[in-house]
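Colleague: Before I use this model, I would like to go through the terms behind its description.
Modeller: Here it is; ask as we go.

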Amino acid sequence: MKSETDFLRRLYQRASLYYDLIDWPLEQFRYKTIRRKLWKDVGGRILDLGAGTGRNAPFYPADSDVVTADLSPEMLERARRRIRALGRAPQIVVTDALGLDFKDGEFDVCVSTFLFCVLPDELQERALREVRRVLKPGGKVYLLEYVYSQNSIRRLWMRMFAPLVARLYGARFDRRTGEHMEAAGFKMLERRFVHSDILLLLVGQS
Ligand SMILES: C[S@@+](CC[C@H](N)C(=O)[O-])C[C@H]1O[C@@H](n2cnc3c(N)ncnc32)[C@H](O)[C@@H]1O
């Protein structure tokens with residue numbers, strides 16, 4: 001049966017071939033530090049949702065139990081190899097954020113980096129309700145997202161790149177993820193920029 005996220009599954013089947021290569025400079029010089037700080041704050045049973053090729057895996061806390069989940073089997077195959085190379089046992093689950101294959105209240109925390117700038121606005125509340133369902137009461141969600149800068153020059157620069165970013169990753173800089181979090185019933189705990197005014201960390205509590 002055709003699902004609303006088939007286009008993303010197909011896009012990431014293709015993107016798995018170039019994702020790590022194209023993202024390498026940003027990963028080295030921007031994301032690594034941000035991921036390290038983010039993952040320092042979390043523990044317990046954690047869902048890494050939209051985990052892709054496993055870029056968060058080097059920062060999974062040693063004593064935590066992390067499930068690495070994504071829509072794309074091809075992206076996850078790379079994550080599996082990366083996690084094994086780190087000497088950890090991968091817990092890989094192919095699943096769609098719109099209907100997560102997990103029980104109610106299974107996780108203490110959900111971390112999702114750069115998934116919600118990919119997921120269309122009209123699907124976000126549903127996905128976030130699913131995240132809330134699989135979190136324990138009081139559980140937290142950490143979302144890392146790109147947004148348009150308020151600086152006119154930087155914004156123009158981002159607008160120039162937007163068509164390429166949409167083509168390569170299906171991502172946009174104008175998603176209303178914060179609004180969808182609240183609509184899905186999360187209490188917003190934190191909303192702060194972690195790089196300039198373009199990389200936003202949203203922390204919610206179920
Ligand atoms: C931009 S990548 C981010 C990957 C990784 N989190 C990172 O930080 O590099 C977005 C990921 O979200 C996944 N994705 C897209 N739609 C999804 C959905 N509905 N459910 C689960 N994962 C999804 C894609 O397959 C892709 O791996």
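Modeller: A residue is buried if 20 or more other C-beta atoms lie within 10 Å of its own, exposed if 12 or fewer, and partly exposed in between, with C-beta atoms placed from the backbone. This is a predicted model, where local features need pLDDT of at least 70 and side-chain atom pairs count only at pLDDT 80 or more, while totals for chains, interfaces and linings use all residues. Residues are numbered from 1 along each chain as its sequence is written.

Colleague: Why is arginine 176 called partly exposed?
Modeller: Arginine 176 has 13 other C-beta atoms within 10 Å, so it is partly exposed.

Colleague: Where does arginine 176 lie?
Modeller: It lies in the loop between helix H5 (152-169) and helix H6 (177-183). Helices (H or I, at least four residues) and strands (E, at least two) are DSSP runs, numbered from the N terminus.

Colleague: What is the strand order of the open sheet?
Modeller: The seven strands run S3-S2-S1-S4-S5-S7-S6, with mixed pairing. Two strands pair if DSSP finds at least two bridges between them.

Colleague: What makes strand S3 (92-94) and strand S6 (187-195) edges?
Modeller: Each has a single partner strand, so one side of each is left without a neighbour in the sheet.

Colleague: How do you know that strand S2 (residues 65-70) and S3 pair?
Modeller: There are three bridges between S2 and S3, in the parallel sense, and the definition asks for at least two, so they count as paired. In S3, isoleucine 92 is the bridge partner of threonine 68.
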